[in-house]
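Welcome! Please take a moment to look over the sequence and the 3D structure before reading on.

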Amino acid sequence: MEIRLDKFSKSFGPVKVIEDLDLTIGDGEMIALLGPSGCGKTTTLYAVCGIHRVTSGRIWFGDRDVTALPPQQKNVGVVFQSFALYPHLVVYENIAFPLRIRKESAADIDRKVREMAGILHMEELLDRRPGQLSGGQQQRVALARALVRRPDVLLMDEPLANLDAGLRLEMRSEIGRIQRESGCTSILVTHDQVEAMSMCNRIALMNEGKIQQIGSPDEMYHQPGNKFVAGFIGNPPISFANGKIADGHFEAEGLRFQLPDRIKGASVSAGQNVIIGIRPENLQPDFATPIEGEITFIESQGREVLYDLKLAGGQVFRSIQSGKRNCKLGDRISWGIDAEAVFFFDEQGNRI
Amino acid sequence: MEEDRKTNWPMTIFLLIISAPILIMYVWLFIDSISEINTESIWPKEFTLRNWRFLVEEIPGHGSVWTALFNTTVFATSVVAIVVILSSTAGYALSRLKFPYRSQFLGLVLLLHSFPSVTLIISIFLMLRMIGLYDTLIGVILVKASLELPFGIWIMKGFYDTVPWEIEMAGVQDGASRFQVWYKLVLPQIMPGVAALSIFSFMAGWSEFVLPLILAPSAETRLMSVYLAGLVNDDYLSDFGLFKAVGLFYIIPVMMFYLFTQDKLMNIYGGGTKG
């Protein structure tokens, strides 16, 4: 089922949390709402499932306007961050609860619950109580409960936040598999870009109640629409520096290089202030455009090593390189950047 | 757990010693109720069932004990029913719903709780007279229940406050109505609280004395406490064996109640939440 948010806005009293948000999620697609905390992603989720009333705008499930429908009439499955299992009911009854509310026959309920338990590999847990389960098992129960009544839409609010690192990796692929198998249109809310990038076909990156960019993880990374997107996506993060356009070159103290052709043709004028962004992998010892500075930080991450390069003008660029290099803190060195891969932003942070 | 189960003898003996006065009092009460009173020695004289005659015959001028027992049972259980039903719904509303003057209401309820009921007795008396419920069981039930309510509401609100919001959101999302969410998902979480409140208000009802004494004094509406006090205060009757037998008869239901609800009581005094 396709979900469409049309100029959706939400305020709490005088505080506008979301303003005129447009978003379309295709049938069977899994999209991530990604953003720093307080960006309005959970608010959006709660509006879609009906817990929050919408201040203005419309929400459509297919061609049905569900804006004003209460949660009970929406058929949305939700996995809460805390899982919110019913502690007094055994796993079987937890999963059966949505069906019991619908007054389905006992035989139907039994068949569906067991089928769901099969998909999630937890047949042997059915008569335990939530308190007796591990975090990962609770997560599965929450998923099963959300999916058992074949929801039009599956919403997940930080589903992996309460799991430890190993389980997180496992559940990441597990949730992806289950989502594909159920074919359920899904929204995943997360603040973790790795989670978003690994689980979802598309990401909607949000900040301050607005969607900054929607696209595939690749697009987000290689074609960020603005400075926020470039800065949020990517780990270790991108480095920014201020400078000016002059005579077909980018100029800053201690750094001057020729603009790539795609920028020359774009609407930049001489003397314009710009911000450049260079991803750590685009600053390497043997790249063409020279950049000189002092090494101020070295961190070995095992397979890769992180360096901070401080230029004469005080700008700091980060480099990530595979293999140990023969240099130490305080060394003055000359490395190079890939000018083609440098992002240019205007003073408002929009991509040039 | 294994270690907890081993008997800690020094502690057991210590507890036994400091509980001894209470235990001895109960044992004495029991022995005195089935023996002739002996004022010269602490040893009972001879076995008798005469003190228990009130069970089969009326003590002149005091009505039947069975009426009093029946009244007390009706009184205590009605108080429990009213207090539990109203507190568990009011507590939910106060914990979860947003409505005007919510915090003021809570403050007011607490203020009501702090009133000693004796200070209200005259106005309550007049009010019951006015609405025609004076000297009826219903009248005194309503009064007792309303005096117990503030405590009940606060207890229930406290228990509801510990139930996470997400459970209700999940319930609503699973298609349950607000009422179903309360009844099927939230209420089961606070059963220890409901049990606690039932026990407390039953005890309060069972032992209530002043209200029924003043508001329901006649023989048909008399409660056990009033019946017992009536015997004790009767100038023509100084039968201590009888008093003790009636007293024992009065507390037997309470003791049974304690026996059966022990586990739950422990749970309440332990804070009401399970780990």
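This is a predicted model: local features need pLDDT of at least 70, side-chain atom pairs count only at pLDDT 80 or more; totals for chains, interfaces and linings use all residues.

Chain A holds nine helices and 20 strands. Its C-alpha trace spans about 75 × 45 × 35 Å along the principal axes. Of the 352 residues in chain A, 38% count as buried. Among the contacts in chain A with a separation of 6 or more, 66% come from residues 24 or more positions apart.

Chain B is built from twelve helices and zero strands. The C-alpha trace of chain B spans about 75 × 60 × 30 Å along its principal axes. Of its 275 residues, 29% count as buried, and residues 24 or more positions apart supply 75% of the contacts in chain B with a separation of 6 or more.

## Two domains in chain A

How is chain A divided? There is a domain 1, covering 3-229, and a domain 2, covering 239-345. The centres of these two domains of chain A, taken over C-alpha atoms, are separated by 40 Å.

As background, nonpolar side chains tend to be buried together in soluble globular proteins.

Leaving aside residues up to four places away in sequence, Val48(A) touches Ile3(A), Ile59(A), Val76(A), Val153(A), Leu155(A) and Ile187(A).

## Helix 1 of chain A

Val48(A) is also one of the buried residues of helix 1 of chain A. Is this helix largely enclosed or largely open? Seven of the nine residues of helix 1 (residues 41-49) are buried, so the rest of the structure largely encloses it. The buried ones are Lys41(A), Thr43(A), Thr44(A), Leu45(A), Ala47(A), Val48(A) and Cys49(A). Just after the helix, Gly50(A) takes a positive phi of about 100 degrees.

Strand 6 runs parallel to strand 7 (residues 153-157) of chain A, and four bridges join the two. Within this pairing, Val76(A) stands opposite Val153(A) in strand 7.

## Where the chains meet

The contact between the chains takes 16 residues from chain A and 15 residues from chain B. On the side of chain A that touches chain B, the elements giving two or more residues are strand 6 (76-79) and helix 2 (91-101). Helix 2 of chain A gives the most to that side, with three residues. Which kinds of residue make up this side of chain A? They divide into twelve nonpolar, three polar and one charged.

## The five-stranded sheet

An open sheet of five strands in chain A has the order 13-12-11-14-20, with antiparallel pairing. Its edge strands are strand 13 (255-258) and strand 20 (343-345), each of which pairs on one side only. Neighbouring strands of the sheet are turned by 35 degrees against each other on average, direction ignored.

At one end of that order, strand 12 (residues 249-252) and strand 13 of chain A run antiparallel and are joined by four bridges. Here Glu251(A) has Arg256(A), in strand 13, as its bridge partner.

Asp261(A) has its place in helix 9 (residues 261-265) of chain A. It has 9 C-beta neighbours inside 10 Å, so it counts as exposed. Asp261(A) and Glu340(A) are 79 residues apart along the chain, and 8.4 Å separate their C-alpha atoms.

Notes. Residues are numbered from 1 along each chain as its sequence is written. Chains are lettered from A and ligands numbered from 1 in the order in which they are written. Two strands pair if DSSP finds at least two bridges between them. Axes are lines fitted to C-alpha atoms, for helices over the stretch in contact, and angles run from 0 to 180 degrees between N-to-C directions. Two residues are in contact if their C-beta atoms, placed from the backbone, lie within 7 Å. A residue is buried if 20 or more other C-beta atoms lie within 10 Å of its own, exposed if 12 or fewer, and partly exposed in between; C-beta atoms are placed from the backbone. Ala, Val, Leu, Ile, Met, Phe, Trp, Tyr, Cys and Pro count as nonpolar, Asp, Glu, Lys and Arg as charged, and the others, Gly among them, as polar. Domain bounds come from an automatic or database domain assignment.
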